[in-house]
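These are my notebook entries on a structure that is new to me. I wrote down what I looked up, one topic at a time.

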Amino acid sequence: MGQQSRARTAARARTAEMRAAQAQQQRRRRLWRAMSSVGVVLLLVTGLIALKIAGVGGSKPSSAAPSTLASRAVVDAVGTVPKSVLNTIGTGTASSVPKPIRAPALSVAGKPELLYVGAEYCPYCAAQRWALAVALARFGSWSGLGATHSSSADIFPNTPTLSFHGSSYASEFLTFAGYEITSNVRSGTGYAPLDPLPATVSSLVDTFNPQGSIPFVDVGGKYTMTGASFSPDVLAGLTQEQVAAALSDPTSPVAKAIDGTANVLTASICNVTDGKPGSVCGAPGVVAAKAKLANG
Amino acid sequence: MASRTDRSGPVAGPAVGETRAPRRLILSSLALAVLGLGIAGYLGYEHHTASTTLSCPDTGMINCLTVTTSTYARFLGLPVSDLGVGYFLAMVLLCLPSSWASPSLLLRRSRLALSALGALFVLYLLWAELFQLDAICLWCTAVHVVTVALFGVVVIGTALLDQQA
């Protein structure tokens, strides 16, 4: 009996040891699987970083292309926004206005100059350019305006816009100097250069825009502005033709943003052209914008 | 054979048949989930309040604005920052000591599945940052690190937990 009991106890102990060993093995296996899954994730993260460093895959090819000439319909629409629409919209959804500065007058051949510095890849430039083009068209005429879109790899990708690169502007009231410092075509870690800034312009930008933000606008040395007055998101998914067509629809969010900003810019231009021409500077939409300009 | 009292408390591995994860792992998972919630909350706040009419920022590799306002900042129509807040909120609840102690298999699997989903999403976002946007957002990277660490802690914790599985 004693021997049988000892044998049973020994068998139970062996069984318990075997179960414990099996459990231990299972535990190791589970831990191994867990560690492996963590290792796989870490390996994939490291792999992605290594591929980037090695330059494999590169960045998404930009769908950007150099600007082309804007269509006649687009240029006409920009230059013929009905006065009634501009007056109805007033300041629209323009959220920021040019700020007054103390500086020597910016002028060329006795006419005040409006200076613009931007880049074709820049979505905020893409938005503000429309308003600048509409505002300036009230004082003169455009030729050679380009059509392009902002970078496809930046924020607000592919915002449809115009380009001042290669364009010319004629007006009896003011002159315009526009610089698109880069295109929207990738080059190295940035974008291909377009219009080099003359030393005088660089100096001016350094003085009034030390951070080098774009778009930068200087209205006759009396006002400066950086950034856009409305979100480029308003233009998302549209073509240049669709944006241009919407400019004459006072109910369109596009018109409220672009025409509203154009009125604000027009008001600042009127302050450097001595209120000329009266037909533009006395328009109700511009008068409303002057009040916004004065209130900052 | 060592008795339960010979073990160094809940910090050590659980005994055979025990269903409790080590306390350090439980607390680590909770801390990571809370940390992730904080950072994701900040990114969400920035997403919903930051101005969208700013000037163009520089186009260097480290550029949060490029990332947080890109097309990849939304997933299935929802801001990724909001998804992050929701994810970490759920993980905080799933990583509470009481949740770890719960015998519910559904709870364990939800915690494991959600943490794995988080890690996969990190891989997707990392790919987008590196190969589509050419920009890295440091705050987003902090969230990514926390998410992968949380995945590691949850997976190992679950492996130790599943003693009876």
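This is a predicted model: local features need pLDDT of at least 70, side-chain atom pairs count only at pLDDT 80 or more; totals for chains, interfaces and linings use all residues.

**Entry 1, a serine in a strand.** I began with S163(A), which counts as buried because it has 28 C-beta neighbours inside 10 Å; a residue is called buried if 20 or more other C-beta atoms lie within 10 Å of its own, exposed if 12 or fewer, and partly exposed in between, with C-beta atoms placed from the backbone. I found S163(A) in strand β7 of chain A, residues 160-163, where helices (H or I, at least four residues) and strands (E, at least two) are DSSP runs numbered from the N terminus. Leaving out residues up to four places away in sequence, S163(A) touches S67(A), E120(A), G146(A), A147(A), T148(A) and E180(A); two residues are in contact if their C-beta atoms, placed from the backbone, lie within 7 Å. I also noted G144(A), which is 19 residues from S163(A) in sequence and 9.1 Å from it in space, C-alpha to C-alpha.

Residues are numbered from 1 along each chain as its sequence is written, and chains are lettered from A and ligands numbered from 1 in the order in which they are written.

For chain A I recorded nine helices and 13 strands, and of its 296 residues 46% count as buried. For chain B I recorded six helices and two strands, which run α-α-β-β-α-α-α-α from the N terminus on, and of its 165 residues 38% count as buried. Among contacts with a separation of 6 or more, residues 24 or more positions apart account for 74% in chain A and for 78% in chain B.

Which residues have the most contacts inside the largest nonpolar core? They are A133(A), V134(A) and L247(A), in a core of 75 residues; such a core is a set of buried Ala, Val, Leu, Ile, Met, Phe, Trp, Tyr and Cys residues joined through C-beta atoms within 7 Å. Helix α4 of chain A, residues 123-137, gives the most to this core, with twelve residues. Apart from this core lies another, of 43 residues, and among them are A34(A), V41(A), L25(B) and L30(B).

I then looked at helix α7(A), residues 253-270, which packs against α9(A) at an angle of about 80° with the axes 8 Å apart; axes are lines fitted to C-alpha atoms, for helices over the stretch in contact, and angles run from 0 to 180 degrees between N-to-C directions. That makes α7(A) roughly perpendicular to α9(A), since angles of 65 to 115 degrees count as roughly perpendicular, under 35 as roughly parallel, over 145 as roughly antiparallel and the rest as oblique. Among the residues that make the contact are N263(A) and A267(A) of α7(A) and G285(A) and V286(A) of α9(A).

G285(A) lies in helix α9 of chain A, residues 284-295, and counts as buried because it has 25 C-beta neighbours inside 10 Å. S84(A) is 201 residues from G285(A) in sequence, yet the two are 8.8 Å apart in space, C-alpha to C-alpha.

Helix α5(B), residues 105-133, and helix α6(B), residues 138-161, pack at an angle of about 150° with their axes 9 Å apart. That makes α5(B) roughly antiparallel to α6(B).

A cis peptide bond joins I214(A) and P215(A), with omega about 0°, and another cis peptide bond joins K276(A) and P277(A), with omega about -10°. N158(A) has a positive phi of about 60° although it is not a glycine, and N158(A) is buried, with 24 other C-beta atoms within 10 Å.
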